[in-house]
Amino acid sequence: MSLSALDLFTIGVGPSSSHTVGPMRAACHFVRGLEAAGLAPRVARLRCDLYGSLAATGKGHGTDGAVILGFLGEEPETVDVDGIPACLENVRLRKLLRTPWGREVVFDEKQDIDFKRLKPLPLHPNGMHFIALDAGDLPVFEQVYYSLGGGFIATEAEMNQPQSNGIVLPHPFANAVDLMRQCEFHARSASRLPLANESAVRPEAETRARLDSMWLAMQACV
């Protein structure tokens, strides 16, 4: 599998890529999947079980808040960081979640986010089990996700059967020595050659725009 610069460098929220960014992405992916599968009208409640490291240090890393934001359809790259405290307070006070499809569902954080500190899942220390329930508290759909570090996530099925993204790069390299050899052979700089690889994934203008947005986000943080 080839990794893009936009996989390695992304806009996120702190304090942890594995314990905050990953869980938010996973929770958002789960609810978006419910909507895409046509299951949204049946959903009356959402819950999440956190396992292993996510359960052990999740409170300190904001994993619980990240899951709530993901259930709301928020993503690390676009969430209003300044508005997060008020958003979470609203959910916790009202005990309701407004889903991405516009419907409010019951959500009691003390019941619906369970920290299973002494029970890790088998495939990775950072495990999450999401469950959507109907009005009779019966499961509509459930999915296990893992937060792999750096904001990367994978479902249980993806962990068991990893697949290539199918992208063929014009100038693949595995390390800095490979990179410099290719730069010399193709008479390209160490910035232009990776940019050519990125252009096999998406238009160059999009790559540049997204890198610029990351630079602006860093400057805003400073």
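A: Start just after helix α3, where G62 takes a positive phi of about 75 degrees. This is a predicted model, so read that angle as a computed value.

Now step back into the helix itself. Helix α3 covers residues 52-61, and G52, L54, A55 and G58 are buried there. Where do the buried residues of α3 fall, seen down its axis? They lie within an arc of 140 degrees, so they line one face of the helix.

What do the buried residues of α3 pack against? Two helices are among the partners: α2 (17-36) and α4. Three strands join them: β1 (45-51), β4 (113-116) and β5 (126-133).

Follow one of these partners further. Helix α4 spans residues 63-71, and its axis comes within 11 Å of the axis of helix α5 (residues 84-94). The two axes cross at roughly 80 degrees. Angles of 65 to 115 degrees count as roughly perpendicular, so α4 is roughly perpendicular to α5. On the α4 side, D64, G65, I68 and L69 make the contact. On the α5 side, I84, C87, L88, V91 and R92 do. By type, the residues of this contact divide into six nonpolar, one polar and two charged.

Is C87 buried or partly exposed? Its relative accessibility is 22%, so C87 counts as partly exposed; the cut-off for buried is under 20%. C28 is in no disulfide, and the nearest cysteine sulfur, that of C87, is 13 Å away. Seen from C87, the closest cysteine sulfur is in C28, and 13 Å is too far for a bond. A disulfide here requires sulfur atoms within 2.5 Å. C28 has 3% relative accessibility, so C28 counts as buried.

The buried face packs against α4, among others, and α4 in turn crosses α5 at roughly 80 degrees.

Methods:
Residues are numbered from 1 along each chain as its sequence is written. This is a predicted model: local features need pLDDT of at least 70, side-chain atom pairs count only at pLDDT 80 or more; totals for chains, interfaces and linings use all residues. Side-chain values use heavy atoms; hydrogens and water are left out. Axes are lines fitted to C-alpha atoms, for helices over the stretch in contact, and angles run from 0 to 180 degrees between N-to-C directions. Helices (H or I, at least four residues) and strands (E, at least two) are DSSP runs, numbered from the N terminus. Angles under 35 degrees count as roughly parallel, over 145 as roughly antiparallel, 65 to 115 as roughly perpendicular and the rest as oblique. Contact means heavy atoms within 4.5 Å. Ala, Val, Leu, Ile, Met, Phe, Trp, Tyr, Cys and Pro count as nonpolar, Asp, Glu, Lys and Arg as charged, and the others, Gly among them, as polar. Buried means under 20% relative accessible area, exposed over 50%, partly exposed in between (1.4 Å probe, protein chains only). The arc is that of the directions from the helix axis to the C-beta atoms.
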